[in-house]
Amino acid sequence: MENSGELVHIGRPKRSKVRREPNPKRASRGKGVYIHTFGCQMNVYDSEKLALLLESDFETLDSPEDADLILVNTCSIREKAEHKLYSLVGGFKNLKERNPDLLIGVGGCVAQQEGKNILSRSPLVDFVFGTHNLSEVPNLVARAQSGVTGQVAVEYRDEWEELPLAGKGGRASTFVSISRGCNKNCTYCVVPTTRGPEVSRPVAEILQEIRLAAIRGVREVTLLGQTVNSYGLDLLPRMKFSELLELVAEIEGIERIRFTSPHPQEIRSDFFEILENNPKVCKHIHMPMQSGSDPVLKAMNRNYRMKKFYSIVEGVRAACPEVAISTDIIVGFPGESDSDFEATLEAMERIRFDSSYSFAFSERPGTKAAEFTNQLPLEVRKERLARLQALQDQHTQEKLDSWLGRETEVLVDGFMKSAPQRVQGRNSQNILIHFDSEYDDLGPGVFVSGRITRASRYTLHAERIRQGVSNEVPSR
Ligand code: SAH
Ligand code: SF4
Ligand code: F3S
């Protein structure tokens, strides 16, 4: 569905003003909000902002059962993501029956695209908010509580929304958005519609948010943007992404900087230099390739060709031989021939990505590629995806096996689900590492050196050698 970007604010009072009696059970324990997040890191980041915006009135809950407010932050990148919204909301029916005061709000990328259609498709939903309207959510909630129904707030904004900075204390790692939207218009992608044109966040605000996070114990920050390395091109004076990285690296307490996702088109020599010279910049690049075939890249409107992609990979590896490279790949794009697909497999053989996220092409309403007449049958897409994923599994396993016996520095970020006494974390290459023994003095925010003892699927196992560079987590 096309989003016109026009202002849509619909709110009509209920016909009969129903007096709501406070539920004594709920009143005694305060109100609770459950936020369900689909999609990418940007949505995770936005959901945290929603929790902060509402925190004076709502405690954040881990499950929906006792909630007075449920917010669903949606994703529309692929078709399945959208179906998930409607089946999730359908499952809340019994909660609404049990608690007629329960409100359900839907935000994020599906909300941005579908707007008021969500209200007609799912009568359980009380209000809808778009990707530029987070700061309006407390008002939408208050109005819904007073009986206003059918509210939809999905207008775009030119400026950055004012939102609370920094989140909870006591964790090792956090996301920070540095730009919003996308100007690239890849033919398959909804993001330029759901998030609007690219806008860089003011540098002072980014640095302030990271400083606050560092004071609360965060040691690692992941900078977020759809094409994160085009940061600053719209600022006056212009700022290079590498300059921003230098400024972030100066913040006391921040020991690691990650970013996702750099776009190959905007990678220049300063990118290789900072990777080589700044020890805080992690040795992991997630750089979406999408396809290994030039004609498919062209049809996707990805403005680079494989020659450039290979030269970036070589440049990154020359600057930093330890680097891990991951990617995104779409298979079964309209018109992708057998030989185009083989070219993708060949590119994978040549580059040997440490890991990849791969997807069968999904026609998204409003995108150019959805209108292409040379769509491939679903079975072909699925079959290619399975072949590609099997190849990636081999490469991932080879890469993990190559760590056996090596020493690596891990930032502990939490405890293992299967063994809550044991810590887990990630190394600079972003590999998940489990510690095989219990260590009482290790917790989130601590750096520790480990020797790799074992590689399982997607995970390495380590024994501790010594504690690393930073071991204090300031309490809030
Ligand atoms: N901005 C990022 C990508 C964000 S979307 C970038 O360009 O690097 C995350 C991934 O979803 C994309 O890299 C792409 O591989 C996949 N994707 C996006 N639209 C898709 C579609 N219509 N069908 C299948 N996969 C898609
Ligand atoms: Fe989508 Fe392309 Fe923008 Fe990434 S760069 S968000 S794939 S339009
Ligand atoms: Fe999904 Fe929107 Fe992110 S479509 S991937 S939540 S930008």
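Biologist: Between which strand and which helix does the loop lie in which Asn-185 is found?

Modeller: The loop that holds Asn-185 runs between strand E9 (179-180) and helix H8 (191-195); helices (H or I, at least four residues) and strands (E, at least two) are DSSP runs numbered from the N terminus. This is a predicted model, in which local features need pLDDT of at least 70 and side-chain atom pairs pLDDT 80 or more, while totals for chains, interfaces and linings use all residues. Residues are numbered from 1 along each chain, chains are lettered from A and ligands numbered from 1 in the order written, and side-chain values use heavy atoms, without hydrogens or water.

The backbone of Asn-185 has a phi near 55°, a positive value in a residue that is not glycine. Most residues other than glycine have a negative phi. With a relative accessible area of 47%, Asn-185 is partly exposed, a class between buried (under 20%) and exposed (over 50%), taken with a 1.4 Å probe and protein chains only. Asn-301 also has a positive phi, near 60°, and sits in the loop between helix H12 (294-299) and helix H13 (306-319). At 27% relative accessibility, Asn-301 is partly exposed as well.

To turn to the ligands, a backbone N or O atom of Tyr-188 lies 3.0 Å from a nitrogen atom of ligand 1, a polar contact (N or O atoms within 3.5 Å). Strand E14 (324-331) and strand E15 (355-360) are the elements that give two or more residues to the shell around ligand 1. That shell has 15 residues, of which Gln-226, Pro-288, Gln-290, Asp-328 and Ser-362 come nearest, a residue being counted when one of its heavy atoms lies within 4 Å. Because domain 2 (165-282) and domain 3 (288-401) both contribute to the shell, ligand 1 lies between them; the domain bounds come from an automatic or database assignment.

Gln-226 is also among the residues around ligand 3, which include Cys-40, Val-191 and Arg-195. Ligand 3 lies between domain 1 (8-153) and domain 2 (165-282), because both give residues to the shell around ligand 3.

Pro-237 is in the loop between strand E11 (220-224) and helix H10 (241-249), and Ser-261 in the loop between strand E12 (256-260) and helix H11 (269-277).

Key
Polar contact = N/O pair within 3.5 Å; in protein donor to acceptor, adjacent residues only side chain to side chain.
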